[in-house]
Amino acid sequence: MKQKISRRVEVMLLASAITLSSLGAALFPENAVVTQAATVKISARKLSLTVGQSKLLKITGTKEKVKWSTNKKSVATVSSKGKVQAKKAGTAKITAKVAKKKYICTVTVKKEAANYIPNTKPEETVMPGVKDSIEYNFSTLKNYILTYGSTNSDGNKFVALGYDIDGFSAGIVYESPNSLFRFIFYNSTSVLTLEINENNIKNGKFRYAISLDSGLYGDCAAFETLGTLDGKSSLDWEAGSGIVADEVLFEVADAAYGAGYSFWELLLTSEVDLSMADLGFIG
């Protein structure tokens, strides 16, 4: 899966000219500050998968061509892009060769549990009319976060970009006690948050709350229904504690959510093989 940001995103980031910040320890662990990798490394040295599951491995810190291979194709295969597919119970070594150096991930594959819900959406486990529905895709996202995500200081699981772009990055948290998804776009002083309650997703429709909390501009929020978030249009913001005039605050918020939308798209496509459109938003 290629990790790249479109020219539209680059323009959006430059045009916004805002300083969005991270939540710090409130949402992510204190030691989970994302920075650009300084050395060549593999994204995981060990993986534990269930038969039928897949996981994308990555090599960071280099632009050199990566050659992927497995020592046991019967246990786990790997694509030219680093996607590992668990085949049967056992152990396999996945090797990424960069120039003359090798980076190895040991994959342990376990038998499929009777109540396991796979991430990979195999046809035989999906009832007609359910596959690729918004509810199904949110379930896939939750399953991925709970299976592969890290744990923040509140005990909730999350996935995040393993790097930043011009100081900006993004993450998605799933709060199990509240059945709540939190999409986060941030840097060092402000944060944009999109919240969706899983229990309110019915028949492909739901409401979401999106808010900007900035120490430079103030805070504001918007509450919208399915299909209105596309990273381009203005939202109907309500001002909270504004440091600047409401008009300026709302312009900053629109620019922030436009950039945040693109970062969430990047995170979803690179990590979970989903898109914002798959979750019901306009692409």
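Which residues is I196 in contact with, leaving aside its neighbours within four places in sequence? In this predicted model, I196 is in contact with F138, S179, L180, F181, F183, I201, F206, Y208 and F281. I196 also belongs to the largest nonpolar core, which has 67 residues, and together with L141 and F183 it touches the most other members. The element that gives the most to this core is helix α3 (residues 246-271), with 12 residues. Another core, of five residues, lies apart from it and includes F158, V173, I184 and V191.

Several residues in contact with I196 also take part in aromatic pairs, of which the whole structure holds eight. The ring centres of F138 and F181 are 5.2 Å apart and their planes stand at 50°, so this pair is tilted. Because F138 lies in helix α2 (residues 134-148) and F181 in strand β13 (residues 180-186), the pair ties together parts that are 43 residues apart in sequence.

For Y208 and F281, the centres are 5.5 Å apart and the planes at 75°, so the pair is edge-to-face, the angle being over 60 degrees. This pair links distant parts of the chain, 73 residues apart, with Y208 in strand β15 (residues 207-214) and F281 in the segment after α3. Y208 is buried, with a relative accessible area of 2%, and F281 is buried at 3%.

Turning to the strands, an open sheet of four has the order β2-β9-β8-β5, with mixed pairing. Its edge strands, β2 (46-50) and β5 (66-70), each pair on one side only, and the twist averages 25° from one strand to the next. β5 pairs with strand β8 (residues 90-98) in the antiparallel sense over five bridges, and K67 stands opposite K97 in β8.

Notes:
Residues numbered from 1 in each chain as written. Predicted model: local features only at pLDDT ≥ 70, side-chain atom pairs only at ≥ 80, totals over all residues. Heavy atoms only, no water. Core = buried A, V, L, I, M, F, W, Y, C linked by side-chain atoms within 4.5 Å. Buried < 20%, exposed > 50% of the residue type's maximum accessible area, 1.4 Å probe, protein only. Helix = DSSP H or I, 4+ residues; strand = E, 2+ residues; numbered from the N terminus. Contact = heavy atoms within 4.5 Å. Pairing = 2+ DSSP bridges. Axes fitted to C-alpha atoms, helices over the stretch in contact; angles between N-to-C directions. Phe/Tyr/Trp six-rings, centres within 6.5 Å; stacked < 30°, edge-to-face > 60°.
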